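Keep the structure open beside you and try each task before reading its solution.

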Amino acid sequence: MNRRELMLAGMALGIKPAITSAQQGPAMAPSGPVQEAPPGSPPTILLNDYLPNSLYRLPVTEINKAKYPVIDAHNHGHGPLNVAEMVKIMDQMGIEKTVIFTGASDAGRFTEVSRQYAAYPDRFDLWCMFDMADSDKPGFGAKAVKALEACHRAGARGIGEMSDKGRGFAPRRYSRRPPRAFEGLNGGPTHTRNPMPPDPDAPTGPHADDPRMDALWDRAGQLGMPISIHVSDPIWSYQKMDHTNDGLMNGWTWRIILEPGMYDHNQLVDSLDKTAQKHPKTIFIACHLSNLDYDLTRLGEMFDRRPNLYADISARFAETATIPRFTRRFLMKYPDRVVYGSDVSYNVPFFKTSFRIMESEDEHFYERGKVETANFNFNYHWPLNGFGLPDDVLKNVYHDNAVNIFKKAQENAA
C-alpha cells in the first residue's frame with residue numbers, strides 16, 4: 001500500500017532516544033527542536049528533530065530526467081493532481097508508462113476509475129484487486145474468480161496491490177478504529193493513519209498460502225495477469241520500540257504489534273515464497289523488495305528458487321541507499337528481477353532523488369526534513385548514497401524488466 005502519502009505522520013512524532021514500551025504513546029515534540037538543559041550540559045534533541053546537514057564537500061549530481069525511459073510498476077493514482085498534471089510530470093521526468101492500482105474489485109468500480117485515465121490509453125495500465133468479501137464463507141473462491149474475470153473483461157491488466165501485514169487479505173485495508181491525527185512536518189498539513197496495535201474489530205482474511213486463495217492465484221495466471229503483492233512491512237516495525245531500533249523514527253509510526261493468529265514478518269515472507277512455488281504459471285511481483293531490503297541475500301535466494309517471482313523497489317530507495325555497494329551487487333546479480341516503482345503521488349523532487357540514487361555515485365546526502373519531499377520515505381536519520389548502476393542494469397530496472405514480466409504473463413496464460 002502507499003505509505004508515502006502518510007509518512008508526514010511520523011515526522012510529527014517527537015520520539016525520544018529511548019522508549020520503554022511498544023505500548024507507550026509517542027512523546028509529542030516541543031515548540032522548538034532543542035529542549036532546555038541545565039547550564040553547561042549538552043542539549044537534549046529529540047530524535048525526530050535531528051536534521052543534520054552533510055559537512056562533506058562532495059560532487060552533487062543533478063538529475064532532471066531519467067537516463068532511460070521508465071515504467072513505473074507501482075502507483076496508486078493521481079492523488080491531488082489531475083491526470084493531465086500527472087502526465088505532464090511523466091513527460092518531464094521520462095516516465096513512459098505507469099501501472100495504476102485502482103483498488104477496484106468489481107467491474108463497475110473498475111470502469112468508473114478507468115474513465116479518469118481514458119484520454120491517455122498508452123500511458124497507463126490499470127490493475128484491479130481481488131474481491132475478498134465473504135472469504136470466510138462457502139463459495140468464496142468461485143465468487144471472487146467471477147469478479148476477477150469481469151474486471152479483466154473491463155480492461156484490468158494485472159492485480160494489485162494485495163497487502164498482508166499479518167491479518168491476511170481482508171475486505172477492508174485498515175481497522176475500523178478512528179485514525180489518529182499527526183501534525184505535519186514544520187507545521188505542514190495534518191495526516192492520519194490507522195495503526196496496527198491490537199484491535200478486536202480489525203478485519204482478517206486468508207494469507208497468501210491459504211488454500212482459499214488457490215483458485216484466485218491460478219485464474220490470474222490463466223488470464224495472463226501479474227500480481228503485485230505486499231507482504232509484511234519494514235523489519236523495524238516489528239522490533240522493540242527502543243534505543244536499539246535502527247529505524248525507530250518510521251518504525252514507531254508503522255509499528256505492528258502481533259496478536260494471536262497474526263503472521264509475523266518471517267511467516268509473511270514465507271507465505272509468498274510458498275505461494276510462488278505452488279503456482280509456477282502465475283507471475284508475482286513482491287512490492288517493496290518483499291520488505292527484505294535489510295536482507296537482500298534472502299530475497300536473492302527466493303529469486304533463485306522461484307523463476308516466477310520478481311520484486312519492485314518502490315518506497316525502498318532510502319532503505320537501500322544506506323547500503324549502496326551491497327544493493328548494487330544485488331542488482332548486478334539479479335538484473336532481470338527488479339522493477340522500478342514510485343508508490344507516491346507524482347512530484348518532481350521524488351523522481352529527481354530516486355533517479356539520483358539509481359544513477360549517480362553521490363555519497364552522504366539527505367532528503368529528510370524537506371517539506372516538498374516529505375511525502376516519500378526518506379525520513380530516516382541515515383544519509384543516502386547512489387548505486388551508480390551501469391547502463392544495462394538501469395535499462396532493465398527502469399523499463400525492460402516490466403515489459404518482459406507483462407510478456408511472460410501473457411505467454412503463461414492458458
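**Exercise 1. Find how much space lies in the largest cavity, and say what kinds of residue line it.**

Solution. 
- Step 1: In this predicted model, the largest cavity holds about 30 Å³ of space.
- Step 2: Five are nonpolar, one is polar and one is charged.
- Step 3: Check for others of this kind: the structure has one cavity of 30 Å³ or more.

**Exercise 2. Describe how helix H11 and helix H12 pack, and which residues make the contact.**

Solution. 
- Step 1: Locate the two helices: H11 covers residues 348-359 and H12 covers residues 391-412.
- Step 2: Their axes lie 11 Å apart, at an angle of about 145 degrees.
- Step 3: On the H11 side, the contact is made by Phe355, Met358 and Glu359, and on the H12 side by Leu394, Val397 and Tyr398.
- Step 4: Sorted by type, the contact residues give five nonpolar, no polar and one charged.

**Exercise 3. Which residues of helix H5 are buried, and what covers them?**

Solution. 
- Step 1: A residue counts as buried when its relative accessible area is under 20%.
- Step 2: In H5 (residues 214-222), the residues that pass this test are Asp214, Leu216, Trp217, Ala220 and Gly221.
- Step 3: Their cover includes helices H4, H7 and H12, along with strands S6, S9 and S10.

**Exercise 4. Where are Asn291 and Ala315, and are they buried or exposed?**

Solution. 
- Step 1: Asn291 is not a glycine, yet its phi is positive, at about 55 degrees. Ala315 is not a glycine either, and its phi is about 60 degrees.
- Step 2: Asn291 sits in the loop between S10 and helix H8, while Ala315 sits in the loop between strand S11 and helix H9.
- Step 3: Asn291 has a relative accessible area of 0% and is buried. Ala315, at 4% relative accessibility, also counts as buried.

**Exercise 5. Which two residues does a cis peptide bond join?**

Solution. 
- Step 1: Most peptide bonds are trans.
- Step 2: Here, the bond between Gly160 and Glu161 is cis, with omega about 0 degrees.
- Step 3: Glu161 belongs to strand S6.

Technical notes
Residues numbered from 1 in each chain as written. Predicted model: local features only at pLDDT ≥ 70, side-chain atom pairs only at ≥ 80, totals over all residues. Heavy atoms only, no water. Axes fitted to C-alpha atoms, helices over the stretch in contact; angles between N-to-C directions. Helix = DSSP H or I, 4+ residues; strand = E, 2+ residues; numbered from the N terminus. Contact = heavy atoms within 4.5 Å. Nonpolar A, V, L, I, M, F, W, Y, C, P; charged D, E, K, R; others polar. 1 Å grid on protein atoms, 1.4 Å probe; cavity = no way out; pocket = protein on both sides within 12 Å on 5 of 7 lines; lining within 4 Å. Points joined across faces, edges and corners; volume = space filled by probe spheres on them. Buried < 20%, exposed > 50% of the residue type's maximum accessible area, 1.4 Å probe, protein only.
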